[in-house]
Amino acid sequence: MISEPRTYESAGGTNTGWFEGHDYEYVKTFTVNDEYKDKELILEFEGVYRNAEVYINGKKALYRAYGYTNFYVRANEFLNFGGENEIRVVAENSKQPNNRWYSGAGIYRPVYLFVAEKEHILMNGVKISTLSINPAVVEVIVNTVSAGEVKVELLKNGKTVASIVGASDGQITFNLRIDNAELWTVDAPNLYECKAAFKNDEWTGVFGIRTQDCTPEGGFTMNGKRVIIRGACIHHDNGILGARCYAEAEERKIKILKENGYNAIRSAHNPCSKALLDACDRLGMLVLDEYCDMWYVHKTTYDYADYVRDWYEQDISNMVEKDFNHPSVIMYSLGNEVAETAQEKGIEFFKKMQDLCHKLDPIRPVTTGVNIFFNLLHSMGLGVYSDKKAKENPKKKVGSEFFNMIAGIMGDSFMKNMARLHGCDIKTKGCYAAMDVAGYNYGILRYKHDIKKYPQRIILGSETFCADAYMFWEFAKKHPAVIGDFVWAGIDYLGEVAIGSWEYKEYAPEPSGALGWISAGSGRINLIGEPLGEAFYTKVAFELTDTPQIAVVPVNHTKDRRSPSAWKFSNALPTWSWNGLNGKTAKVEVYSRAPVVELYVNGKKVGKKKFGKNCKFDFKVKYYDGEITAVGRDKKHNELSRNTLKTAGNETVLTVLPEKKNVALGEVCFVRLRFTDNNGVIKPLEHRQVSVEVEGGELLALGNACPFNPRGYADTVTDTYYGEAMAVVKAEEEKVVIKATDGNLKGEASIAVK
C-alpha cells in the first residue's frame, strides 16, 4: 500500500493518507520433501490486511477477516509431498474506507512454516506464569496432542536452574521453584528460557518471573512495588516503512520510547506484533495490548464492525495466546472510543469479551478506552455514524472523525472540561462498573471527583494530551487509584492526517489535510524517530531529569501562522542553530521543576521566570548565534542545574550516519541523513533535496518527518525536514554502502555485514 497512488479518488481520504486502496494476490511455489509425510506442517500468518483467503494447490485452506491478528493453517491435507506446491494468498483492501488510519495492506507481518512431529506440543501449548516471587515458583502448563512423558527445563544464561519430568494425559501442570531468582521489572528486564520436550518434539521460549496486582488502594504493582504507568499510544506502522513489520524496526521504536522516559505502550488500536512484544520483554517496556477500534457500530463504511460479533472469540483467543508468556504484557484493552459502552447492549457485549479474557488469562486485568464526552454526544445523537450519512456525503465527518474535528476546532481544554459534565458520568458509570480498570480518554479533569465518588474504581488515562503530563504525574503520586497515563501519541504515525501537526507553508503549502498530507503529526517522537520539545517536557514532568531542557520555536517562523491542533502541545525543537537570524525574536521554552528559571544568551541574562502551573517556562528573546543557557534555581537563588545549547558552525556538510555500524545479513538498518557542521550539530534551516544510492543492499524507504509529503517514501529522492531525512536499508551483501548528495554536497557511509 505504501507504493500505491495517492489521489483525491481515494475513498480512505484523510483517514489513510489518500492511498487509493487495492486488493493483492501473493503466489509462491515450493517443494515439500517426502520425509515430511509423517510430520505436521503448520503455516502461521502474523498479519494479513485484510479478509485474507489462503489457497494451497487451488483449495481454500482458510479465511480470516481481521487484518491485525495472527492465524494458523494446518497444511497437510492440501500438500503434494515429494512434489511442487503452490500457496496463494488473497488480501482485500479495495473496499474503502475501512479504517481510521493507515492500515497497510496485504502480508505485512512475517509468515512461517512450522514442521512438527505428528505427536507434538500444541501451537501456543506452553503457558508460563509466576505463582510467587519469594520464593520464586513458576507454573508451566504443557498441552500435547496425545498422552506421554513431558520434560520441562528452565534455564538462565544457558544454565539449568530447575527441571521436572511427568506423565501427561494431554495436559500437565508443573510447579518449579527457582532459588535466587532474578525478577523481571521495567528497570531490570531479566529473562529466563523454558524448554519443554515431548517424545521427539521440543518447544523453546522465553519468560520473565514477576507478579502483578491492581487495586484502588495500592495502584498498579509489580513484584509488590507500585509502578506508575508512563505510557505512550502507538500505531502499528513503522513510519516511512509503512506497515511492514521488521523486528529491527519494532525494537528501534521501543528503544526510542524507553530512552525518552516511557515505561509502557498502548497498542492502538489493534493487537501488536510478536516482534514488538519480544522487544518489550528485552527492554523492559510494559504493554497494554488492544483488540479493536469498533464493536458493532461502524466508524467507517467497510470497517470491522460487521465482523466483530462473529469473530471476537477467535480474535481474542489468538491475541491472548500470543501475549500470555510475555512478561511485558500487563493488561488487555477490548476497544477504543466505542460509544456502545453507553448502551446496556454494549456493556453486556463488553462483559462477554472480558469474561473470555479472564478465562484465557486469569492474571491480567481488562479495560477499554472510553471517550467520556463522546459517549454523551453519541447518546444525544450527535456525530453518530451511519452508512446512509456516509454515502450521502462522503466528506462529512461522522463518528470518531466528527469528535476529532470538534476537538481540533475547540482545543484540548474544551474536550476535558466537557468530560466533567454530569451527563458524561451518567453515560459511563455502567461500563466502568463492569471493567477491571476504567479507561479514561481525555478525562483527566474527572479524576479528583471520580475517585471520591467511586472509591472502588481503578482509573487509567488510556488516552491523554501531552500538556497534561505534569498534572497527571502530580495527581497519580498522591492517588494510587490513578494507575497511569497513555499520551496520544508517543510516535507520529501514518494516516489520520494533520490532526496533530503544526506546520508552516514552507513545508506544507496545501491546506491542512489536503492531498499530500500523509501523517498525523501527533507524536512526542517524530516519524523518523527524533524526540521533539514535547518529549523533553514529558521527561521533566515525569521527574526523569533534574536538568532544565530547552526547545525553540523555529526562529524563521516566530510570528507566522501555522496549522493548529489539539493533539500538539508545542512545535519547539531542541536546537539553537538558527544560523544567520541574529536579532530575530525567538520563542524559547524551558522545561524544569525548579522554582525559578533564568535564561542567558551568550552569557547575558535575558529572562527570569517563576514556576507556574506546570513545568513549562515561556520566554521571548532575541536570537543570536552562539549559545543559550537555562539555569534552574531554588527559592534562595542557589543554582540547582543548568543546560546549554550551542549554534552549529558556519560550515555545512551532508552527514550520512547509520544507527548501527554492524548488522546481520538480511537485517534492516536505519540511516540518518543530516545537514550539519563539522561536529555533527544539525542545521535545521537547511531545507534541501537529497538523492540516495545504495550498494550491497536494498533501499526499503526514504523520507522525512514532515506530515506533508507528496513524494512519499518509495523514491530515491527526498527533501529534508528541519535539516534531516532518513533512509532504511536492508543488508544483502557483506558490505552496504550508502551514498547521498544534494547535487553539490556529498556524503557516504558503509555498514559491515556479518
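A charge counts as sitting over a ring when NZ of Lys or CZ of Arg is within 6 Å of the ring centre and within 35 degrees of the ring normal. Lysine 156 gives us a case: its charged end sits over the ring of tyrosine 192, 5.0 Å from the centre of that ring. Keep in mind that what you're looking at is a predicted model. Here's a quick tour, starting with the whole chain and then moving to some individual residues.

**The chain as a whole**

- The protein chain has 14 helices and 43 strands.
- For 754 residues, a compact globule would have a radius of gyration near 27 Å, and the protein chain agrees with that at 26 Å.
- Of the 754 residues in the protein chain, 61% are buried.
- Take the contacts with a separation of 6 or more: 71% of them are between residues 24 or more positions apart.
- The accessible surface of the protein chain comes to about 29400 Å², and carbon and sulfur atoms account for 48% of it.

**Charges over rings**

- Besides the lysine 156 and tyrosine 192 case, take a look at lysine 345, which lies over the face of tyrosine 296 at 4.5 Å from the ring centre.

**Aromatic pairs and a cluster**

- A pair of aromatic rings is described by the distance of the centres and the angle of the planes.
- The count for this structure comes to 36 aromatic pairs.
- Are the two partners buried or exposed? Tyrosine 8 is partly exposed, with a relative accessible area of 47%, whereas tryptophan 18 is buried at 5%.
- Tyrosine 721 and tyrosine 722 also form an edge-to-face pair, at 4.8 Å centre to centre and with 65° between the planes.
- Both tyrosine 721 and tyrosine 722 are buried.
- There's also an aromatic cluster made of Tyr49, Tyr66, Tyr68, Tyr108, Tyr291, Tyr304 and Tyr307.

- You'll find leucine 334 in strand β23 (residues 329-336).
- Its relative accessible area is 0%, so leucine 334 counts as buried.
- Leaving aside residues up to four places away in sequence, leucine 334 touches a whole list of residues, including Tyr291, Cys292, Trp295, Phe350, Met353 and Cys357.
- Tyr291 turns up in the aromatic cluster as well.
- Serine 129 is 205 residues from leucine 334 along the chain, and the C-alpha atoms of the two are separated by 22 Å.

**Cysteines**

- How many disulfides does the structure hold? The number is 0.
- Cysteine 280 is in no disulfide, and the nearest cysteine sulfur, in cysteine 272, is 6.7 Å away.
- Cysteine 280 is buried, because its relative accessibility is 0%.
- Cysteine 357, one of the residues that leucine 334 touches, has its closest cysteine sulfur in cysteine 292, and at 13 Å that is too far for a bond.
- With a relative accessible area of 1%, cysteine 357 is buried.

Key: Residues numbered from 1 in each chain as written. Predicted model: local features only at pLDDT ≥ 70, side-chain atom pairs only at ≥ 80, totals over all residues. Heavy atoms only, no water. Helix = DSSP H or I, 4+ residues; strand = E, 2+ residues; numbered from the N terminus. Buried < 20%, exposed > 50% of the residue type's maximum accessible area, 1.4 Å probe, protein only. Contact = heavy atoms within 4.5 Å. Phe/Tyr/Trp six-rings, centres within 6.5 Å; stacked < 30°, edge-to-face > 60°. Disulfide = S-S within 2.5 Å. Rg over C-alpha atoms; globule rule 2.2 N^0.38 Å. Areas by Shrake-Rupley, 256 points an atom, 1.4 Å probe, with all protein chains shown as cover.
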